[in-house]
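Please prepare a briefing on the structure below.

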Amino acid sequence: MTNDPLSYALRNVPRYTSYPTAPHFHSGVNEGTYADWLSAVTPHDSLSLYLHAPFCRELCHYCGCHTKATRKDAPLKVYAATLGQEIGLVAEHLKNAGPVRHIHWGGGTPSLLSRESLVDLTGLMRVLFDLSPDLEHAIELDPRLVTAELAETLAMIGINRASLGVQDFDPAVQKAIGRVQPYETVARASDYLKSAGLDALNFDLMYGLPEQSPETIRDTIEKTLALAPGRIALFGYAHVPWMRKHQRLIDETRLPSAAERLELANLARGALLKAGYVAIGIDHFARADDSMAIALSDGSLKRNFQGYTTDQGEQLIGLGVSSIGKLTGGFIQNMPDVGSWRRSILAGKLPVSKGLALTADDRLRGRIIEELMTNYACDLGPVCASHGLSIGHVRDAFNGLEDLVSDGLVTLDLEGDEQARVSVTDAGRPYVRLAAAAFDAYLADSQASGKARHSAAV
């Protein structure tokens with residue numbers, strides 16, 4: 001092998017929840033641009049709605065989300081009212097849109113919004129949009145805040161999938177990351193949700209956290225398996241204190257070394273596969289009967305800002321502070337601070353901060369990257385032809401694949417000038433982001449300029 005696995009794992013590349021990635025968004029895309037893109041949506045375009053609630057009761061040390069701590073309910077009430085106004089503002093531009101196939105509440109902790117706010121906002125979406133009968137309606141939850149009453153409220157407003165932020169079950173790890181929640185707390189939250197009829201559950205786990213060891217990872221996986229969630233997301237902790245100042249509360253000397261981090265990832269992955277979960281991309285696992293595993297099998301799996309998803313909505317509408325949407329024309333990101341976002345909405349303006357209009361090259365490379373990230377393979381000939389371009393347009397990526405090919409992590413089959421297939425081998429799947437990065441036309445410049453800093457590949 002030309003390079004050892006550790007050297008690949010340490011390479012810094014994007015997670016590719018979008019292409020081009022968010023650091024390349026710019027202020028040249030504005031409210032007018034967004035209004036035009038929304039108005040261009042047709043009845044043939046199905047929708048996906050993402051609602052962001054940037055509040056938690058307290059900040060966990062490891063958190064990389066756009067959120068802030070609040071102990072007061074008043075800001076939540078005002079935020080929910082403004083969010084409702086934004087929904088109305090966006091709906092005015094979407095009069096000819098198709099049905100909504102997916103709704104996702106993220107944060108932060110969206111369940112901090114009051115019962116009244118959750119009911120009102122969901123009701124508003126039902127009035128303003130055509131909700132598909134097979135709608136997936138998902139929410140992210142803090143297990144410490146799940147009560148029987150909340151579970152019943154979620155079921156009543158149509159939530160049918162919930163993600164619980166577990167991270168790790170070990171008490172020492174929980175103390176080190178500022179999120180103490182015993183196993184019993186998570187088990188009780190799961191029971192409340194299932195009793196309310198909400199049994200499609202996801203667990204979010206993390207490796208690379210302070211105080212983690214092979215023993216703690218094994219124990220966390222065993223406890224997770226005992227609760228039998230349908231899906232498990234296994235994320236590598238990204239220590240970025242230059243971006244998230246509260247991460248400075250984590251003692252860097254207690255973080256696993258690069259070799260230890262890779263070992264933890266492999267142990268957790270192996271245990272989940274042994275338990276019968278299907279590996280989905282770089283960091284998701286699902287039971288074989290789960291819709292995500294089925295989407296992987298039939299080729300309909302997608303990847304967006306929420307990670308791997310079964311969401312089939314063609315147009316993603318971001319609502320709330322800092323949320324990101326993707327339409328046919330390109331990407332849009334909302335203003336990142338509550339004050340500016342609210343003032344814009346109260347003035348009747350779409351609260352756009354920045355975005356990016358997609359070029360033909362962006363669309364092609366984005367399609368190739370998503371194919372690799374979801375299906376571990378891409379037939380370049382048909383994909384390029386569907387975008388009106390030849391394989392020669394992306395031939396520059398082949399040089400970036402050479403080491404991966406020589407080390408048996410990727411295969412590149414070339415047949416003349418118009419047929420080529422890139423496949424990630426079983427051994428290469430943990431490093432698929434590196435294969436995707438070979439097709440990233442922005443990466444070299446952004447790394448050289450320091451415009452973007454990315455997490456380790458594993």
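Gly108 sits in the loop between strand E4 (100-107) and H4, where helices (H or I, at least four residues) and strands (E, at least two) are DSSP runs, numbered from the N terminus. The peptide bond from Gly107 to Gly108 is cis, with omega near 15 degrees. The model is predicted: local features need pLDDT of at least 70, side-chain atom pairs count only at pLDDT 80 or more, and totals for chains, interfaces and linings use all residues. Residues are numbered from 1 along each chain as its sequence is written, and side-chain values use heavy atoms, with hydrogens and water left out.

**Other backbone geometry**

- Tyr19 and Pro20 are joined by a cis peptide bond, with omega about -5 degrees.
- Pro20 belongs to the loop between helix H1 (5-9) and helix H2 (31-39).
- Gln167, in strand E6 (residues 161-167), has phi near 70 degrees, a positive value in a residue other than glycine.
- Most residues other than glycine have a negative phi, and most peptide bonds are trans.

**H3 with H4**

- Helix H3 (residues 74-92) packs on helix H4 (residues 115-128) at an angle of about 5 degrees, with the axes 10 Å apart; axes are lines fitted to C-alpha atoms, for helices over the stretch in contact, and angles run from 0 to 180 degrees between N-to-C directions.
- That angle makes H3 roughly parallel to H4 (angles under 35 degrees count as roughly parallel, over 145 as roughly antiparallel, 65 to 115 as roughly perpendicular and the rest as oblique).
- Ala80, Leu83, Gly84, Ile87, Gly88 and Ala91 in H3 meet Ser117, Leu121, Leu124, Met125 and Leu128 in H4, contact meaning heavy atoms within 4.5 Å.
- The residues of this H3 contact with H4 are 8 nonpolar, 3 polar and no charged; Ala, Val, Leu, Ile, Met, Phe, Trp, Tyr, Cys and Pro count as nonpolar, Asp, Glu, Lys and Arg as charged, and the others, Gly among them, as polar.

- Helix H7 (residues 183-195) and helix H8 (residues 214-227) have axes 11 Å apart and pack at an angle of about 20 degrees.
- H7 is therefore roughly parallel to H8.
- The H7 and H8 crossing is right-handed (a crossing is left-handed if the near helix is turned anticlockwise from the far one by less than a right angle, and right-handed if clockwise).
- From H7, Tyr183, Val186, Ala187, Ser190 and Lys194 meet Lys223, Ala226 and Leu227 in H8.
- The contact of H7 with H8 has 5 nonpolar, 1 polar and 2 charged residues.
- The axes of H8 and H9 come within 10 Å and cross at roughly 30 degrees, so H8 and H9 are roughly parallel to each other.
- H8 passes H9 in a right-handed crossing.
- Pro214, Ile217, Arg218, Ile221 and Leu225 of H8 meet Glu263, Leu264, Leu267, Ala268, Ala271 and Leu272 of H9.
- Between H8 and H9, the contact residues divide into 9 nonpolar, no polar and 2 charged.

**Cavity**

- The whole structure has 1 cavity of 30 Å³ or more; on a 1 Å grid over the protein atoms alone, a cavity is a set of points where a 1.4 Å probe fits but cannot get out, a pocket is an open set with protein on both sides within 12 Å along at least five of seven lines, and lining residues have an atom within 4 Å of a point.
- The volume of the largest cavity is about 210 Å³ (grid points are joined across faces, edges and corners, and a volume is the space filled by probe spheres set on the points).
- Of the 16 residues lining the largest cavity, Tyr207, Leu234, Ile282, Asp283 and Val458 lie nearest its centre.
- Strand E8 (231-236) and helix H9 (258-274) each supply at least two residues of this cavity lining, and H9 gives the most, with 4 residues.
- The lining of the largest cavity has 9 nonpolar, 2 polar and 5 charged residues.

**Second largest pocket**

- The second largest pocket has a volume of about 890 Å³.
- Lys302, Arg303, Glu314, Lys326 and Glu370 are the closest to its centre of the 33 residues that line the second largest pocket.
- Strand E11 (302-304), strand E13 (315-319), strand E14 (324-327) and helix H12 (360-375) each supply at least two residues of this pocket lining.
- H12 provides the largest share of the pocket lining, 9 residues.
- By class, the lining of the second largest pocket has 9 nonpolar, 13 polar and 11 charged residues.
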